Amino acid sequence: MDTAPQTPPQNAATRPDPEGQSQLSGNTVFKLAHRISDGVNGVRIQLAKRWKFVPQTIAYQGYGSTSLVRVLGRVLLTQKPMPGSKAEHAAQNGNQNVRGWRAFTSVPLQFTDVEITIGDVVTHVRADRGGLIDTEVSVQLEPGWHTAVLRAEGTEPVEARIRVIAPDVKFGIVSDIDDTVMVTALPRPFLALWNTFVLSERARMATPGMAVLLDRLTVEHPDAPVIYLSTGPWNAAPTLARFLTRNMYPSGALLLTDWGLTQDRWFRSGQDHKHRNLERLAKEFPDMQWLLIGDNGQHDEAIYSGFSQEHPDKVAAIAIRQLSVSESVFAGGHSEDGDHTASQVPWIYSPDGAGIAKQLTALDLL
């Protein structure tokens, strides 16, 4: 087998030295916060092992070009359902109905070595402090679907689907999740907490018309990649993936983030996460034009506007799902229809997918 060069995880917060110690940047207080965080995670690991949690590698859908693919996964300690139980049967059939807080009971295994196999190419990576694997692998692949096998020590190998985009594909779709394809009312803090941590996953509602819109887009542009770019935490990735499948959204890679300390920040920036990934997509697919879909409840307008000003040739259009009047008030009075007369990129505003579809038709994108 060939050994591929490894790109370190993009969001790794620390770099372990040869003796296994974390090298941290920043002032003394910041370094202390990292050590406390690592200590707390160490206690959680010991408690999880005492409660019979087992190591598990979780694979997420990836994407890439014919020469470079992005592989995503996570290494955790999780509690498996009892053999023969109703929960095990539901997990095997993808019919889980998990309350939000349960997604946060797993414990990340930091700096775990992971072997990634794609065809005859093998590479070794190390998970970051959140257990996340986010790496690029150089490999020659034909356009279409491929499989990456992830193996972490002490876990069963798992398969990650990788979609390889042909060089001649010129149109792609980037969509936010919260309040764009799924109604979460994130601008309202207390309701957001309820939706995230208490509500069962089957009680979450799809935004009217958005599944039909994205399905129509992928039917008319069958080679277009779909990327779900959200500030949501990686803990919620399995729940979000099931939600998208259950509500008939097209398959796409999830690009999420983690809460908490980073290499040089006390808290991760959701806006920076989105901007950084948009810039990355622009470099990975330099000839691609993206349809950017979001909502006016948080910062999508500002993020998409900034990206389109920097890369007007890489944006086909920007579609914004308008929040209701009450949602807008709680969100801080966001505009219902921004002024983008000076923009080189078409802007679309509508409260649902049907309205967005109608305006995309006028732009010949549907």
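**Entry 1: the cavity**

Strands here (E, at least two residues) and helices (H or I, at least four) are DSSP runs, numbered from the N terminus. This is a predicted model, in which local features need pLDDT of at least 70, side-chain atom pairs count only at pLDDT 80 or more, and totals for chains, interfaces and linings use all residues. Residues are numbered from 1 along each chain as its sequence is written, and side-chain values use heavy atoms, with hydrogens and water left out.

For the search I took a cavity as a set of points, on a 1 Å grid over the protein atoms alone, where a 1.4 Å probe fits but cannot get out; lining residues have an atom within 4 Å of a point. Grid points are joined across faces, edges and corners, and the volume is the space filled by probe spheres set on the points. I found one cavity of 30 Å³ or more, and the largest cavity holds about 50 Å³.

Its lining is made of Gln-61, Gly-62, Tyr-63, Arg-163, Ile-165, Pro-225, Val-226, Ile-227, Ser-251, Gly-252 and Ala-253. Both β4 (54–64) and β15 (226–233) supply at least two residues each to that lining. I sorted the lining residues into six nonpolar, four polar and one charged. In that sorting, Ala, Val, Leu, Ile, Met, Phe, Trp, Tyr, Cys and Pro are nonpolar, Asp, Glu, Lys and Arg are charged, and the others, Gly among them, are polar.

**Entry 2: the chain overall**

I noted nine helices and 19 strands in the protein chain. Of its 366 residues, 51% count as buried, where buried means under 20% relative accessible area, exposed over 50% and partly exposed in between (1.4 Å probe, protein chains only). Taking contact as heavy atoms within 4.5 Å, I read that 73% of contacts between residues at least 6 apart in sequence join residues at least 24 apart.

**Entry 3: cores and β19**

A nonpolar core here is a set of buried Ala, Val, Leu, Ile, Met, Phe, Trp, Tyr and Cys residues joined through side-chain atoms within 4.5 Å. The largest one has 63 residues, and those with the most contacts inside it are Val-174, Leu-217, Tyr-249, Leu-292, Tyr-304 and Leu-360. Strand β18 gives the largest share of this core, six residues. Another core, of 25 residues, lies apart from it and includes Ile-116, Ile-118, Val-121 and Ile-133.

Which residues does Leu-360 touch, leaving aside neighbours within four places in sequence? I listed Leu-213, Leu-217, Leu-291, Ile-348, Leu-365 and Leu-366.

Ile-348 took me to β19 (residues 347–350), where Trp-347 and Tyr-349 on one side and Ile-348 and Ser-350 on the other are all buried, so that both faces are covered. Strand β18 (residues 315–321) runs parallel to β19, joined by four bridges; two strands pair if DSSP finds at least two bridges between them. Ile-348 is the bridge partner of Ala-319.

**Entry 4: a hairpin and a helix**

Strands β7 (residues 113–118) and β8 (residues 121–126) pair antiparallel over six bridges, with Thr-117 opposite Val-122. Two residues separate them in a hairpin, and Gly-119 in the turn has a positive phi of about 65 degrees.

In helix α5 (residues 237–246) I marked Ala-237, Thr-239, Leu-240, Arg-242, Phe-243 and Leu-244 as buried. Their cover includes β4, β13 (182–183), β14 (205–206), β15 and β16 (253–257).

**Entry 5: loops and positive phi**

Most residues other than glycine have a negative phi. Phe-111 lies in the loop between β6 (107–108) and β7 and is buried, because its relative accessible area is 17%.

Asp-364 also has a positive phi, about 65 degrees, and sits in the segment after α9 (353–362). Is Asp-364 buried or exposed? Asp-364 counts as exposed, because its relative accessibility is 68%.

Thr-66 is in the loop between β4 and β5 (68–78). Its C-alpha is 7.5 Å from that of Val-139, 73 residues away in sequence. Beyond four places in sequence, Thr-66 contacts Val-139, Gln-140, Leu-141, Pro-143, Val-164, Ile-165 and Pro-167.

Methods: On a 1 Å grid over the protein atoms alone, a cavity is a set of points where a 1.4 Å probe fits but cannot get out, and a pocket is an open set with protein on both sides within 12 Å along at least five of seven lines; lining residues have an atom within 4 Å of a point.
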